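Student: I would like to take a close look at one part of this protein with you. Could you walk me through it slowly and then set it in its surroundings?

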Amino acid sequence: MDIPTSNSTITRTYFQRQLRSLQRDVLRMGALVENSCCLARQALFEQDLAAAKRIKPQDRIIDRFYRQIEQDCISTIALQSPVTKDLRLLSSMMQLVRDLERIGDYTKDFSEIAIKLFAYPPHPIVGEVQLMYDRCQSMLAMSLVALSNLDAQTGREIKLKDDLVDADYKILYNKLADRRNIQEELEPTLLLVLVIRHLERMADRSTNIGQRVAYIVTGKRG
């Protein structure tokens, strides 16, 4: 059996530090996205203008994290030529930070929608939309726990919640579509249609993160 040289040991140690640093950056980015999700909830359902205004500058930080992490992953793969689980980790991180970045974009859209909704009284089904939002928010939290712990089982379980969100979307879309003939509710109804569409996509992104975590751990897709 070959005994590692001093240089190979140093190289491996440096590589492991790079991986840990990347993982920390991904989790920091995830924490920012989760915070933006909380702020967007306050803006949409509590008419909190201050919360709405905090999301856009935070989204710029999220975008910077995304670009930096993607570049760091590419550089690490090119310079270190990782194999097996390390390669799965790097390639999956490149994909899941894209999911996080898109969720951040949805929260920015929510803040803009919330500001437009301030001019109207609460919509009759806003409470049901809030329940859908809370379900999606819990999926994001669950995906970040799975990522932090590299927990494949938790990652896979997110899909069960995604099925519930899909059902929420169909029910709420039909209810909102039935109200489009009420002229004074037209704009807020259309805005809420956009909200539930973004929520459905947000749930898909959280599911993607969970499945990517399971792939990192097990090497198996799906």
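Student: Which side chain meets that of Asp 99 in a salt bridge, and what is the N to O distance?

Tutor: Happy to take you through it, and please keep in mind that this is a predicted model. The partner of Asp 99 is Arg 212, and the N to O distance of their salt bridge is 2.9 Å. Is Asp 99 buried or exposed? With a relative accessible area of 0%, Asp 99 is buried. In general, side chains of opposite charge can pair when their charged atoms come close.

Lys 108 and Asp 59 form a salt bridge through their side chains, at 3.6 Å from N to O. Here Lys 108 lies in helix H3 (residues 84-117) and Asp 59 in helix H2 (residues 49-80), 49 residues apart. The two partners can be compared with the 20% limit for burial in mind. Asp 59 counts as buried because its relative accessibility is 2% and the limit is 20%, while Lys 108, at 23%, is partly exposed.

Helix H3 also carries an aromatic residue worth a look, Phe 110, which pairs with Tyr 133 of helix H4, 23 residues apart. For such a pair, the distance of the centres and the angle of the planes give the description. The ring centres of Phe 110 and Tyr 133 are 5.5 Å apart and the planes stand at 55°, so the pair is tilted. Both Phe 110 and Tyr 133 are buried. Ring pairs also bring in Phe 45, giving a cluster of Phe 45, Phe 110 and Tyr 133. Over the whole structure, the search finds three aromatic pairs.

Lys 175 and Glu 128 meet in a salt bridge with an N to O distance of 2.5 Å. Lys 175 is in helix H5 (residues 152-177) and Glu 128 is in helix H4 (residues 126-149), so this pair ties together parts that are 47 residues apart in sequence. Both ends are partly exposed, Lys 175 at 34% relative accessibility and Glu 128 at 30%. Elsewhere, shared partners join Arg 41, Glu 46 and Asp 134 into one salt-bridge network. Helix H5 also holds Thr 154, a buried residue with a relative accessible area of 16%. Apart from neighbours within four places in sequence, Thr 154 is in contact with Met 142 and Ala 146.

Finally, here is the setting for these pairs. The protein has six helices and zero strands, and its C-alpha atoms fill a box of roughly 75 × 35 × 20 Å along the principal axes. Of the contacts with a separation of 6 or more, 82% are between residues 24 or more positions apart. Buried residues account for 43% of the 222 residues. The accessible surface is about 11,500 Å², and carbon and sulfur atoms hold 53% of that area. As for charge, there are 32 positive and 29 negative charges, whose mean positions are 5 Å apart. In total, twelve salt bridges are counted, and the pair you asked about, Asp 99 with Arg 212, is a salt bridge at 2.9 Å.

Terms used
Residues are numbered from 1 along each chain as its sequence is written. This is a predicted model: local features need pLDDT of at least 70, side-chain atom pairs count only at pLDDT 80 or more; totals for chains, interfaces and linings use all residues. Side-chain values use heavy atoms; hydrogens and water are left out. Helices (H or I, at least four residues) and strands (E, at least two) are DSSP runs, numbered from the N terminus. Buried means under 20% relative accessible area, exposed over 50%, partly exposed in between (1.4 Å probe, protein chains only). Contact means heavy atoms within 4.5 Å. Accessible areas come from the Shrake-Rupley method with a 1.4 Å probe; for residues, only the protein chains shown count as cover. Lys and Arg count as positive and Asp and Glu as negative; His and the chain ends are not counted. The place of a charge is taken as NZ of Lys, CZ of Arg, CG of Asp or CD of Glu. A salt bridge is a side-chain nitrogen of Lys or Arg within 4 Å of a carboxyl oxygen of Asp or Glu. Rings of Phe, Tyr and Trp (its six-membered ring) pair if their centres lie within 6.5 Å; planes under 30 degrees apart count as stacked, over 60 as edge-to-face and the rest as tilted.
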